[in-house]
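Trainee: Hi! Could you walk me through this one while I have it open on my screen?
Mentor: Happy to, let's take a look together.

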Amino acid sequence: MIIASSLPDLALALINDDNINRLSTVPSLSSSQFNLIYNGFSFAIAAMFSSALFFFSAQAQVGQKYRLALLVSAIVVSIAGYHYFRIFNSWSEAYSLQNGVYTLTGVPFNDAYRYVDWLLTVPLLLVETVAVLALPGTETKPLLTKLVGASILMIAFGYPGEISNDFTTRAIWGTLSTIPFAYILYVLWVELSKSLERQPENVQGLVRSMRLLLLLSWGVYPIAYILPLIGITGTSATVGVQLGYTIADVLAKPIFGLYIFAIAVAKTKFDLEQGNAFGTEQDAPELDLVSSPAKAQS
Ligand code: RET
């Protein structure tokens, strides 16, 4: 009963948090600091929407069975473009210029857009990545279930810490979130490494670089989150957290999507050389980005 009655309070606290005391939102910014973030968000909108156009249209350049992976990339960056548009507007509403300084207006900067974006896009990115692994059909589903479950926990644990104005709360939720994060990266690294032997030669280098990009881009998120906890406070924390997440998002979505595209092109070329130009529906019931060579050879 007590728990039930405190749940709405918790929900309200999560929505109506006071922005003023947040560890990652300072009360005032110089115009260059405000503009750095403003322009960062604007750049992200351009990167997301232009890559969405590219991924939608690039489907025609790859074999039938790789098109769904490109479509997933296009959907990921479209969702992100929409959220960056909302984040950009929220940022503009959160501060106003007074006597040459950007000061909080009282309209809270809405960090929830970012977390909702991750909730939608991270599972889709995992689907894209697992598609590259060329796993036997029966292994794909359990692996995806574990990874998607862990990614939801990672994001859900991160949010209460993100919006908290308390150092310890941020540290505790951040640590909890790091457990599923480490699990995801470990599993993906191991599985991507194992998948190398199933790849044709012209794809192996791309998968190696993609594996590195995954590690580097995902690694930026906890680093940005941790800044207010390691003595980087005030304006530097705000700028560091927002720019860090934005850079990581551009690397993890459009740039990562370009790797998926490059792999799809390389595999289409491989298929052409094998005399299996555009695949068939039977070859590609799912997001079958890489399993074709193994199948073609067997
Ligand atoms: C949080 C909280 C602090 C600890 C960790 C985090 C990790 C976040 C990650 C987000 C990845 C997002 C991606 C989005 C692409 O669409 C939540 C910041 C570990 C890894 C890849």
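Trainee: Which helix holds I37?
Mentor: I37 sits in helix α2. Keep in mind that the whole thing is a predicted model.

Trainee: Is I37 buried or exposed?
Mentor: I37 counts as buried, because it has 22 C-beta neighbours inside 10 Å. The cut-off for buried is 20 or more.

Trainee: And which residues is I37 in contact with, leaving aside neighbours within four places in sequence?
Mentor: Those are W91, V239, Q242 and L243.

Trainee: How far apart in space are I37 and V241?
Mentor: The C-alpha atoms of I37 and V241 are 9.8 Å apart, although 204 residues separate the two in sequence.

Trainee: What about T268, where does that one lie?
Mentor: T268 is part of helix α8. It counts as buried, since 21 C-beta neighbours fall inside 10 Å.

Trainee: What share of the contacts in the chain come from residues 24 or more positions apart?
Mentor: They account for 75% of the contacts with a separation of 6 or more.

Trainee: And how much of the chain is buried?
Mentor: Buried residues make up 39% of the 298 residues.

Trainee: OK, zooming out. How many helices and strands are there?
Mentor: The protein chain has nine helices and three strands. Going from the N terminus, the elements run α-β-α-α-β-β-α-α-α-α-α-α.

Trainee: How many bridges join β2 to β3?
Mentor: Four bridges join β2 (residues 95-98) to β3 (residues 101-104). Among the pairs, Y95 is partnered with L104, and S96 with T103.

Trainee: And how many join β1 to β3?
Mentor: Three, and those two strands run antiparallel.

Trainee: What is in the loop between β2 and β3?
Mentor: N99 lies there. The hairpin has two residues between the strands, and the phi of N99 is near 50°, a positive value in a residue other than glycine.

Trainee: Is N99 buried or exposed?
Mentor: N99 counts as exposed, because it has 5 C-beta neighbours inside 10 Å. The cut-off for exposed is 12 or fewer.

Trainee: Switching to the ligand. How many residues surround it?
Mentor: 18 residues surround the ligand, and the closest are T121, G158, S177, F181 and Y221. The elements giving two or more residues to that shell are α4 (112-131), α5 (137-162), α6 (167-195), α7 (201-226) and α8 (234-273).

Trainee: What classes of residue make up the shell?
Mentor: The shell has 11 nonpolar, five polar and two charged residues.

Trainee: Last topic, confidence. What does the pLDDT average over the chain?
Mentor: The average is 86, and 84% of the residues score at least 70.

Trainee: Where does the pLDDT fall below 50?
Mentor: One stretch is residues 1-13, which has zero contacts in the model beyond near neighbours in sequence. Another is residues 292-298, where the model has 12 such contacts.

Trainee: Great, thanks for the tour!
Mentor: Any time!

Conventions:
Residues numbered from 1 in each chain as written. Predicted model: local features only at pLDDT ≥ 70, side-chain atom pairs only at ≥ 80, totals over all residues. Near = placed C-beta within 6 Å. Nonpolar A, V, L, I, M, F, W, Y, C, P; charged D, E, K, R; others polar. Pairing = 2+ DSSP bridges. pLDDT = per-residue confidence, 0-100. Contact = placed C-beta atoms within 7 Å.
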